[in-house]
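Hi there,

Here is the structure I promised to pass on. Please have a look, and my notes follow below.

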Amino acid sequence: MGSALENAPKISGSSIITGAILLIAGVLIVTEKVDAPMALGIVISVMGLFGLLFGFTVSAARRLVSAFKEDQ
């Protein structure tokens, strides 16, 4: 479990950044600022939301584990 947490900052940071970019791109497509199918915009927006959720979850889990390690 320790080795997975060593890579957590890179994983969570890139997931948050990628999720935000995908979310912005999806919103631009859905609001018809970009010429693309509406379904594609919805799919990209959902992917962005899941990326953000995953990134923040990994980040919070890493902080929680480090807090438990400090208590011991």
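A quick definition before the details: the expected span of a helix is 1.5 Å times one less than its number of residues. Helices (H or I, at least four residues) and strands (E, at least two) are DSSP runs, numbered from the N terminus.

Please keep in mind that this is a predicted model, where local features need pLDDT of at least 70, side-chain atom pairs count only at pLDDT 80 or more, and totals for chains, interfaces and linings use all residues. Residues are numbered from 1 along each chain as its sequence is written, and side-chain values use heavy atoms, with hydrogens and water left out.

The chain holds 3 helices and 0 strands, in the order α-α-α along the sequence. With 34 residues, α3 reaches 50 Å from its first C-alpha to its last, close to the 50 Å expected at 1.5 Å a residue.

Of the chain's 72 residues, 24% are buried (under 20% relative accessible area; exposed is over 50%, partly exposed in between, with a 1.4 Å probe and protein chains only). In α3, the buried residues are G41, I44, S45, G48, G51, L52, G55, V58, S59 and V65. As a reminder, an α-helix has 3.6 residues a turn, so residues three or four places apart point the same way.

V46 also sits in α3 (residues 38-71). V46 counts as partly exposed because its relative accessible area is 37%. Its C-alpha atom lies 8.1 Å from that of G26, 20 residues away along the chain.

Happy to talk it over!

Best wishes
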